[in-house]
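Subject: Structure handover and notes

Hello,

Please find the structure below, followed by notes on what was found in it. Could you look through them with the coordinates open?

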Amino acid sequence: MKISPCLLPIKILSFIFLLFASALQAQKNFVIPIETAHNVIALQVGNDQRLATIYFGTKLKDTSEYKLVRRMYRRGDDYSGILNSAYTPAGSRNLVEPAIEVTHANGNTSLDLQYVSHSTEKTDDNVSVVSILLRDPAYALEVSLFYKLYYKEDVVEQWSVIRNKEKGSVTMEKYASANLYLTAENYWLKQFHGDWAKEMRPEESQLTHGIKVLDSKLGTRSHLYQPPTFQVSLDRPATEDEGKVLLGTLAWSGNFKIDLEVDPLNNLRIISGINPFASAYTLKQNQEFETPGFIYTFSDKGTGEASRRLHRWARNYRIADGKGSRMTLLNNWEATYFDFNEPILSALLKDTKKLGVDVFLLDDGWFGNKYPRNNDRAGLGDWQENVQKLPHGIGYLVKEAQNNNVKFGIWVEPEMVNPKSELYEKHPEWVIKQPNREEHLYRNQLVLDLSNPKVQDFVFGILDNLFTKNPDLAFIKWDCNAVIYNAYSSSIEKQSHLYVDYVRGLYKVLDRVRAKYPTKEMMLCSGGGGRVDYGALKYFQEFWLSDNTDPLERIFIQYEYSYFYPAISHCNHVTDWGKQPIKYRTDVAMMGKLGFDIVVSKLEPKDLQFCQQAVKTYDSIKNIVWHGDLFRLADPRQNEFASLMYVNEGQDRAVMFNYLTENRYGNGTLSPVKLKGLNGGKKYSIRELNLYPGTTSRMPGSSTYSGDYLMTVGFNPGVNAARASVILEIAEAK
Ligand code: DGJ
């Protein structure tokens, strides 16, 4: 090959660079600092070529000092020498919980992983991916660890790729996404549990030696019992503004497992990934497997900062159209349940316009003919309009919506089927169920086998048909109510692949939907928050937090979700749940994406007037709520009220939401609430928003306050039994 003379110096230089780089990599005992703006994971390649975590947390100014961290600890001997492995293999010298466990092609169950090389690929000024290649010295099995770094947001997405280069199939018994190693005096875990209408109930406890497991084996809406989100505080439970804290979550819409192991040396090992339960996965020769991302952020300034970092990341990089806008809506679920027809819906379309929201959302019950969907016992799977209820089809309603100057949206639950349906009669083989066992239903339904490509086509077809026939259809509510019982697929080669291939099948469908319909607004619903995670939110703009819309309950639910998911993704509807007046219900729903699920025509004139005005008020503040920074000011679990505020990027506008949550005599905001996130040097005026018709604000009208005053002394929103919810707008006084 001829080299042009002008290229010669470049070639020589790059040759020298490569020599230098490989010399560096052949070196032992060197550190790979994986850094974001404030944090670092310092990995070290030891004399034995093993990759270990030597430091995790706040960055040091001098990178060379990471090597000196561990010498300050005198916590005893690590007999195996790999307690701090960056990705712990099973079956050789490791004696603790592994991140990866395999059975090699020859049946051997040992694994060792040694460092081979690493590289960094920069996507842009903010995003880069560090990849580290590890290989078993005895077997042709490779693992690449990936760390996607979002520098400014201080968020890391970590995953692994496992490659089988052996001559024959390898079975992965466990295949985690990430294996972190944290060092502190003690560790506090905040976990969440749930049930229908009881989502995101927090529990905080100190981790003791041994393993605490957070997991799900439900298959679909995993965190009906437990979501894949958690918080770990170091040394003491973090507060909103103080303490070292990690927020973590797995981006996977199926079974997950998070092991939190306090090891014999009092370090915390966190291993997060797909749940290996009933999921041994075979890799044929030359096949590789990419695990889902484990997403985390660390803050040494408390949970508030950690949440804001996660929110910024989610809006900038993960949630579908995270920086965009959302449509307000009127949903008919609680207004009609299954009991509607064309004239009723036509009237509701008029009500949508009257209310002033953007879209009417037709819920469950519009389909099924042989088995009409008149209750939740039949029809699911038969996605043809019910001719009795909708003789002129969806198209007519979409047009009717246009005539009323609103948009039209529709509910689907495409992954599931009622046994009483034509789909089930025609394709029993598409349903997940054991061939020799009695069916066990959840909400009268079973789950379709999305590991089967034919089922994937069918599910994609449901959405595709709706959009093809009705190009102006503007909104989809994608529900998912059933869990997987009797896990068995009649089409899959290996049953232990089902849980994983189900989720992969779901993502394939959603990839196709998004490739063809990239901008349609889609709400992820699962009888509540039973499913939200950052794997699914790549495809969905928003999620339904809970069927529990009692505003008092909702404050608690929204508060806990706010640790992990930004307000732009929270769908909150004003309904008839709860005993609070319409103002309270609406004020609570405004702290996210506002919707209504009430009978507009039955509203008292003043309530209607209030709602109409509230929609307009919401329009004026929604951008701050959706795109601003969240500051939690008062936790309803520690106070008689909740206070939260959102501040825009320019710090010249903010909205503060305050709600009475304990209604005993004399309760409320007895002292000022300290505001946060403002500019201390700016002057602000404060105005009460969303007043009920005929009432006046008790705010001192004309005063202005410095940001310094508001953040040091605070401001009393005057919450009490007579003013149970108060929304304040804080705007720079110019
Ligand atoms: C559960 C959802 O959470 C509700 O909002 C509603 O869509 C029903 N499913 C419909 O069956």
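Strand β22 is joined to strand β25 (residues 473–478) by five bridges, and the two run parallel. Helices (H or I, at least four residues) and strands (E, at least two) are DSSP runs, numbered from the N terminus, and two strands pair if DSSP finds at least two bridges between them. The bridge partner of Ile410 in β25 is Ile476.

Some conventions before the rest. This is a predicted model, in which local features need pLDDT of at least 70 and side-chain atom pairs count only at pLDDT 80 or more, while totals for chains, interfaces and linings use all residues. Residues are numbered from 1 along each chain as its sequence is written, and side-chain values use heavy atoms, with hydrogens and water left out.

Around β22

β22 also pairs with strand β21 (residues 359–362); four bridges join them, and they run parallel. Phe360 stands opposite Phe408 in β22. Together with helix α5 (residues 393–403), β21 and β22 make a right-handed β-α-β unit (right-handed: with the strands pointing away from the viewer, the path from the first strand over the helix to the second runs clockwise). Strand β22 covers residues 407–412, and five of its six residues are buried, so the strand is largely enclosed by the rest of the structure. Buried means under 20% relative accessible area, exposed over 50%, and partly exposed in between, with a 1.4 Å probe and protein chains only.

Salt bridges

Side chains of opposite charge can pair when their charged atoms come close. The rule used here is a side-chain nitrogen of Lys or Arg within 4 Å of a carboxyl oxygen of Asp or Glu. By this rule the count comes to 46 salt bridges.

- Glu97 and Lys174 meet through their side chains at 2.6 Å, N to O. Glu97 lies in the loop between β3 (51–58) and β4 (100–103) and Lys174 in strand β9 (residues 170–183), so this pair ties together parts that are 77 residues apart in sequence. Glu97 counts as buried at 18% relative accessibility, and Lys174 is buried at 5%.
- Glu288 forms a salt bridge with Arg163, with the closest N and O atoms 3.0 Å apart. This pair links distant parts of the chain, since Glu288 is in strand β18 (residues 288–290) and Arg163 in strand β8 (residues 155–164), 125 residues apart. Glu288 is partly exposed at 49%, whereas Arg163 is buried at 17%.
- Glu415 and Arg531 form a salt bridge at 2.6 Å, N to O. Glu415 lies in the loop between β22 and β23 (416–417) and Arg531 in the loop between β26 (521–524) and β27 (542–544), so the pair ties together parts that are 116 residues apart in sequence. Glu415 and Arg531 are both buried.

Salt bridges that share partners also join Asp154, Glu305, Arg308, Arg309, Arg312 and Asp629 into one network.

Asp629

Asp629, a member of that network, is found in strand β30 (residues 629–634). Its relative accessible area is 19%, so Asp629 is buried. The side chain of Asp629 makes a polar contact with the side chain of Arg312 at 3.0 Å. A polar contact is a pair of N or O atoms within 3.5 Å; within protein, one must be able to donate a hydrogen and the other to accept it, and residues adjacent in sequence count only if both atoms are side-chain atoms. Beyond four places in sequence, Asp629 is in contact (heavy atoms within 4.5 Å) with residues including Arg308, Arg315 and Tyr646.

Asp136

Asp136 is found in the loop between β6 (127–135) and β7 (141–150). The side chain of Asp136 reaches the backbone nitrogen of Asp112 at 3.2 Å, and a polar atom of that side chain lies 2.8 Å from the backbone nitrogen of Ala138.

Regards
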